[in-house]
Amino acid sequence: MSLIHDSPINIEQIERNFREIAPPLNEAEAVLESNRCLYCYDAPCIHACPTHIDVPSFIKKIASGNLLGSARVIFDANPIGATCARVCPVDVLCEGACVEKTLMDAPIQIGRLQRYATDYAMRNEKEIFKAGAPNGKSVGIIGSGPAGLSCATYLARLGYKVAIFDKKSLPGGLDTYGMAEYKMSQTVSVEEAKQVAKLGVEFKLNTEIGRDVSFEELQNQHDALFLGIGLGATNRLNVSGENLNGVIDALDFIEQIKTRDWRRVPLGKTVAVVGAGNTAIDAVTQAKRLGAERVLMIYRRTEKDISAYAYEYELAKKDAVEFVWQTAPIEIVGDNSVSALRCQKTDGSNQIFDIPCDMVIKAIGQQKQHSFFESVAGVATDEKGRVVVNELMQTSNPKIFAGGDCVNGGAEAVDASQMGKLAAQGIHSTLTGEQVKFAGFS
Amino acid sequence: MADLSVNFAGIKSPNPFWLASAPPTNMGSMVERAFDAGWGGAVWKTLGEPIVNVCSRLAALDNGATRMIGLNNIELITDRPLDVNLKEIYECKKKYPNNAVIVSLMVESKREAWHEIVKRAQDTGADGFELNFGCPHGMSERGMGAAMGQVPEYTCMVTEWVKEVSNLPVIVKLTPNVTNIIPPGRAATKGGADALSLINTINSVMGVDIDTMIPYPNVNGMTAHGGYCGTAVKPIALNMVSELARDAEINIPISGIGGINTWRDAVEFLLLGASNVQVCTAVMHYGYRIVEDMIDGLNNYLDEKGFASVNDIIGKSVNRVTDWGNLDLKYKTVARVNFDSCIRCNLCHIACEDGAHQCIDFTEIDGLRFPIVDEPECVGCNLCYLVCPAPGAISMVRLDDGSESISWRELTSKQPATMTGD
Ligand SMILES: Cc1cc2nc3c(=O)[nH]c(=O)nc-3n(C[C@H](O)[C@H](O)[C@H](O)COP(=O)(O)OP(=O)(O)OC[C@H]3O[C@@H](n4cnc5c(N)ncnc54)[C@H](O)[C@@H]3O)c2cc1C
Ligand SMILES: Cc1cc2nc3c(=O)[nH]c(=O)nc-3n(C[C@H](O)[C@H](O)[C@H](O)COP(=O)(O)O)c2cc1C
Ligand code: SF4
Ligand code: SF4
Ligand code: SF4
């Protein structure tokens with residue numbers, strides 16, 4: 001991808017555009033907000049959090065000034081609690097369930113309070129957990145995304161020797177390479193991975209399993225394996241012109257942004273983004289923030305069918321993104337580079353028209369890693385290409401466990417974290433016959 | 001992790017957090033759930049002669065949207081049969097040998113009555129007694145509770161009666177409804193008490209429904225004064241605890257009670273001389289679960305400060321409380337505004353202007369008007385600092401260099417003729 005336009009706006013403006021949409025709470029805000037929490041019993045926010053963090057407990061600890069204790073409650077149920085504090089879709093999770101939302105449409109800002117406590121612990125390099133006494137067993141984890149990091153944390157706390165393999169040069173998976181930059185920068189998830197390393201977990205980065213190291217080798221070295229390899233590249237549009245300059249996968253586009261090396265991020269003047277999920281929203285809003293003059297979101301169905309969350313859609317509207325509904329791309333037009341996206345209406349009229357543009361971003365969902373599961377790991381997948389697991393997160397091979405996007409087909413970071421936790425419990429009971437329950441399971 | 005266990009007048013408990021004698025300790029199943037939640041000890045709801053309670057019983061003071069910063073009750077002692085309570089105390093202690101179970105008692109002012117209930121109650125295996133000389137409503141009209149605690153001679157006498165037959169440590173629970181807490185404290189000590197606990201509740205009328213003109217709590221159109229407790233009473237309790245702690249004649253341990261919600265509140269009581277604490281209202285509001293953060297927060301605090309045991313902080317601030325006459329008149333602070341943190345609400349200005357010494361003026365910085373303290377005029381009263389809503393916007397800065405000091409007492413002893421205000 002060689003297309004690099006000079007953004008019409010200067011670096012300072014880009015930096016401003018990418019400042020955090022949910023900035024940290026200051027002390028006064030944290031005191032006020034934490035004391036506003038009612039400290040509900042059997043609170044709905046706990047149930048709504050996929051990792052079941054004891055929200056009232058951690059908020060009460062902020063109010064009492066026990067910030068270390070607060071951070072422990074959070075990380076105890078969710079080892080990537082600092083990341084989740086920034087990237088969780090709280091409107092549809094904890095905050096959506098908060099009784100203060102019911103009472104007066106002003107939920108407690110749980111995400112930002114979670115950040116307040118975890119920031120304290122990480123800034124002061126507080127020891128949150130200790131590794132367990134070595135139990136002589138070892139587990140290999142493929143993928144250092146939320147699922148892998150979570151699984152590793154709990155296993156290390158139980159005394160396992162854990163090694164995490166990731167093909168990328170930085171740990172964190174999509175937390176590091178995929179989150180909208182205005183939500184969170186890479187440093188947070190990388191620091192969080194360091195907390196995991198402090199428990200003695202070994203990180204083997206730049207190591208692709210199935211290429212740099214064989215899967216069999218890993219199986220021979222470990223008592224059990226955990227697959228947290230996420231999803232693959234974005235789906236192809238399967239139209240002609242897909243290889244033209246200026247056509248880019250949303251994930252590659254976002255990965256470039258994550259470097260914050262703004263001038264090297266490919267950007268057109270008019271950007272057409274195909275898709276209407278949360279990734280498409282991340283692509284349009286960030287293209288706009290980088291300085292694209294026109295950004296259009298093209299979707300084959302109607303406004304009410306979009307899979308993006310309502311608040312994400314609102315964000316795109318605020319960023320003056322244009323929406324082209326009931327429209328499917330049929331060809332990308334251009335010589336070497338994109339000059340237009342040819343589309344056809346899906347409203348029954350079948351009308352064909354061109355949208356002049358110099359960049360097309362594909363954001364129509366990620367592929368499943370079929371080939372890895374079938375030919376490398378040899379574990380069963382379902383008809384949608386998701387790894388099949390039982391309630392212990394155990395695959396068709398009893399020594400291989402899996403969790404995260406590769407199992408649920410793509411959800412949120414917090415869901416992957418929960419699955420990593422479940423898998424650690426499953427691995428422990430399978431290898432030792434002993435049952436453990438980590439925070440968040442009653 | 002610091003050691004949180006305490007030995008209070010010979011009564012051991014895994015941590016200094018006890019439930020006060022009140023509804024949360026009404027019966028065995030409740031106390032057992034409390035121990036499961038982590039409470040170190042529990043003082044059973046006061047036992048005595050059968051009573052009948054009224055309905056309703058509670059009323060509260062709210063602070064804006066914050067509910068129940070003060071609570072008032074007209075509940076009496078237990079309304080359950082004595083033998084049922086004693087049986088449950090026995091079973092509870094057997095099940096929880098490491099937790100402290102204290103039996104609170106209150107009977108009429110007759111030696112035999114006290115002897116009898118003490119004898120019956122000490123067969124339960126309980127760890128100690130608490131004599132309820134503090135209940136300020138209802139029972140006091142029958143010559144019990146605060147009616148005893150308010151007369152030092154009675155306090156001493158009844159304590160002696162109990163000590164005559166008790167083979168367990170005896171804690172005397174004092175009423176705050178006295179002008180001076182020292183005489184009842186000394187009287188209990190003289191009577192042989194092994195420890196003191198305070199405060200019980202404070203006489204109060206919680207408010208009036210201004211539409212019906214019936215005060216709260218409403219008992220068929222009437223009310224009676226009740227006992228006040230909860231967050232709002234903490235400063236009163238802290239004062240009384242520290243008064244007793246620094247009294248040279250009182251050398252028995254003190255159990256601090258009144259307005260404790262968090263580990264921080266507990267630390268303050270411990271620093272001012274309490275050897276453990278008891279909690280009622282906060283548990284009535286949020287449940288037994290609050291003890292988890294009390295334990296966790298205290299632990300983290302002790303670790304942070306480098307104390308190996310909670311016992312190391314008991315009484316650490318007692319010698320920081322003195323009589324006014326001993327305070328240093330040369331110590332000089334003034335308020336200073338930090339313009340970076342100031343949000344320009346001007347509350348400091350109006351507080352000083354109308355409530356203090358008219359020394360906060362305004363200055364203009366980059367076209368914005370900020371408050372500024374006229375330092376030579378500032379008397380260092382703290383008012384502006386207390387009203388300021390922005391953390392760090394006002395600091396109280398020390399001006400004297402500490403080289404000189406003189407107290408009122410020293411001053412008057414030097415120049416008795418000119419100083420007449422003492
Ligand atoms: C653009 C985008 C934005 C998102 N925004 C949000 C958001 O705001 N909030 C939210 O909660 N969720 C968001 N998500 C979803 C979230 O990122 C995922 O649900 C989550 O990261 C899944 O975690 P995981 O551990 O299963 O996989 P991943 O995070 O994908 O991690 C998988 C890891 O495995 C490694 N790997 C794969 N194959 C191999 C191999 N063969 N050898 C070695 N390593 C390998 C990869 O390099 C990667 O590091 C977003 C997703 C995308 C795509
Ligand atoms: C409803 C209610 C009932 C109480 N009953 C008793 C009692 O039976 N015996 C007693 O010694 N104190 C009793 N108290 C007083 C408490 O034990 C405690 O001393 C007081 O509430 C102050 O503590 P707090 O601020 O934590 O509530 C009662 C308090 C309340 C609110
Ligand atoms: S639901 Fe809201 S108010 Fe209740 S505990 Fe959770 S965050 Fe606090
Ligand atoms: S709190 Fe319980 S006992 Fe009291 S009035 Fe309500 S329901 Fe009745
Ligand atoms: S009260 Fe505080 S914030 Fe308000 S004007 Fe004064 S210094 Fe500034």
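**The shell around ligand 3**

Modeller: Happy to! Sorted by class, the shell around ligand 3 holds 14 nonpolar residues, 1 charged residue and no polar ones. Here Ala, Val, Leu, Ile, Met, Phe, Trp, Tyr, Cys and Pro count as nonpolar, Asp, Glu, Lys and Arg as charged, and the others, Gly among them, as polar. Do keep in mind that this is a predicted model, in which local features need pLDDT of at least 70 and side-chain atom pairs count only at pLDDT 80 or more, while totals for chains, interfaces and linings use all residues. Residues are numbered from 1 along each chain as its sequence is written, and chains are lettered from A and ligands numbered from 1 in the order in which they are written.

In total 15 residues surround ligand 3, and the closest are Cys37(A), Cys40(A), Cys45(A), Pro56(A) and Cys98(A). A residue is near a molecule if its C-beta atom, placed from the backbone, lies within 6 Å of it. Two or more shell residues come from each of α3 (44-48), α4 (55-64) and α8 (99-104) of chain A. Helices are DSSP runs (H or I, at least four residues), and strands are E runs of at least two, numbered from the N terminus. The greatest share of the shell around ligand 3 comes from α4(A), with 3 residues.

Now follow α4(A) to the neighbouring chain. Between chain A and chain B, 11 residues of chain A are in contact with 11 residues of chain B, where contact puts the C-beta atoms, placed from the backbone, within 7 Å. On the chain A side, α2 (27-36), α4 and α5 (67-77) each supply at least two residues. There too α4(A) gives the most, with 3 residues. By class, that side has 4 nonpolar, 4 polar and 3 charged residues.

Over in chain B, strand β6 (residues 58-63) runs antiparallel to strand β7 (residues 66-73), joined by 5 bridges; strands pair if DSSP finds at least two bridges between them. Leu61(B) has Gly70(B) in β7(B) as its bridge partner. The two strands form a hairpin with 2 residues between them, and Gly64(B) in the turn has a positive phi of about 60 degrees. Also antiparallel to β7(B) is strand β15 (residues 226-229) of chain B, through 3 bridges, with Leu71(B) opposite Cys229(B).

Notes. Two residues are in contact if their C-beta atoms, placed from the backbone, lie within 7 Å.
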